[in-house]
Amino acid sequence: MPLPRHDFSASLALAHDDTDLRAQLVKYFKTDALARPDESDLVNSTMDVINWVVQQARSLYASEPTRLVAAISLASAQNALAVWSSSRRDWIVVSVGLMELLRNAVDELGREFARTFPEIMETGLMQRLQSKPPLRGGFETSLGSFLYFSALAFFAGHEAGHHLAGHDGYYVGGAHAEQSAEANDAADETWLAKQALEREADLIGLKLCRMSMTKLLSQLWEVDQYSVAERRSYQRVLAALLGTGAMTAALRITPRQIDWDDLPSRNHPPAVIRVLTLAGSMSRSINEGFSDLDDISRKWIRLMSLELVAGATINPGTEADRVYQARLARGGEPAAVRATGMRKALHDPRFHDYDARLDAALASIKPRLRPRTVG
Ligand SMILES: [Zn+2]
């Protein structure tokens, strides 16, 4: 039996009757107003992206794939939610505020992408992608639109990841929000457990983003039989769009020095740790999902995706900006990951210890989780 398509109009009707969902929307977004499919061009384009992801995620459900449904909140807060309602629905909610933040960033990011990956821009696939019209809803360029697709697919995939991995067994309050005052309040073990669940959702999110982008790109490229060279070229484009799109999740974060000794006992863990964890997951995802690329290409794409997003987080006039500009002037690559301290942090042995602590935290809460997948 073919997998039923997700339909935003039908989900909107379900949402109106779902009191659990509405209570969580009010709690985290301060409003339960949801977007109609014809709300705006941006909403409409975004619904298409989310539908691709929901479809891929539903294919991974062992049973009841239609439990997974999505909605768009009209809130201006930049946030995304996973909500578990007593009606046995797995809700993904993304806010218009988050969509606008990403939409406003992607065209400039696309220009940076073109400067960062000149050889990828010359591939046949990339030329073809650029001949497509931009998404409707305020996008200037087709490259920016593809980066939006990738970033949004990653966010929606991350929420779907919380569902697929059964994190309702941990978030017994019925919801998990990406931005929340309470998320940072807990200390020690709770904080580690939550970060371990974030990493798990990231990995599934990257996989769903890759699956959705693969479908989209192969539809646009229209090549029946790939040669080895074409396959490699295809994977390079895909990996660069995936890496850059997913790392835009870091856009709101201003990297700063990491105080490893004080981690994670402090109440407000440095946001840059979240970026590093995501970068680690991205590396793993690119290593596992792109078998046609050699090690050097994979490493280069990983590093440069991080570099161009790190560059976008640097605020003009800051100390990091001064170091960044000086390094750029000397022709030193990768300037931004060095200037922000990310490079040093990534190679810090304590980062590997931290990763191992996340593994242990995840293992200890695994029995409570209720995965939706087979096996
Ligand atoms: Zn999350």
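Predicted model: local features only at pLDDT ≥ 70, side-chain atom pairs only at ≥ 80, totals over all residues.

1. The protein chain comprises 15 helices and four strands. Its radius of gyration is 20 Å, close to the 21 Å that the globule rule gives for 375 residues, so the chain is as compact as a globular protein of that length.

2. The C-alpha trace spans about 60 × 55 × 40 Å along its principal axes. Of the 375 residues, 47% count as buried. Among contacts in the chain with a separation of 6 or more, 76% are accounted for by residues 24 or more positions apart.

3. Helix 4 (residues 96-116) packs on helix 7 (residues 142-164) at an angle of about 130°, and the two axes are 8 Å apart. That angle makes helix 4 oblique to helix 7. The crossing of helix 4 and helix 7 is right-handed. Helix 4 contributes Leu98, Leu102, Arg103, Val106, Asp107, Leu109, Gly110, Phe113 and Ala114, while helix 7 contributes Leu143, Gly144, Leu147, Tyr148, Ala151, Leu152 and Phe155. By class, the contact of helix 4 with helix 7 has 12 nonpolar, two polar and two charged residues.

4. Helix 4 also packs on helix 11 (residues 295-313), here at an angle of about 140° with the axes 10 Å apart. Helix 4 is therefore oblique to helix 11. This crossing, of helix 4 and helix 11, is right-handed. On the helix 4 side are Leu109, Glu112, Phe113 and Thr116, and they meet Met304, Glu307, Leu308, Gly311 and Ala312 in helix 11. Sorted by class, the contact of helix 4 with helix 11 has five nonpolar, two polar and two charged residues. Leu109 and Phe113 of helix 4 take part in the contact with helix 11 and also in the contact with helix 7.

5. What is the angle between helix 9 (residues 228-247) and helix 11? The two pack at about 30°, with their axes 9 Å apart, and their crossing is right-handed. Arg236, Ala239, Ala240, Gly243, Thr244 and Met247 of helix 9 make the contact with Ser297, Ile301, Arg302, Ser305, Leu306, Leu308 and Val309 of helix 11. By class, the contact of helix 9 with helix 11 has seven nonpolar, four polar and two charged residues.

Key
Residues numbered from 1 in each chain as written. Rg over C-alpha atoms; globule rule 2.2 N^0.38 Å. Buried ≥ 20, exposed ≤ 12 C-beta atoms within 10 Å, placed from the backbone. Contact = placed C-beta atoms within 7 Å. Axes fitted to C-alpha atoms, helices over the stretch in contact; angles between N-to-C directions. Parallel < 35°, antiparallel > 145°, perpendicular 65-115°, else oblique. Left-handed = near helix turned anticlockwise from the far one by under 90°. Nonpolar A, V, L, I, M, F, W, Y, C, P; charged D, E, K, R; others polar.
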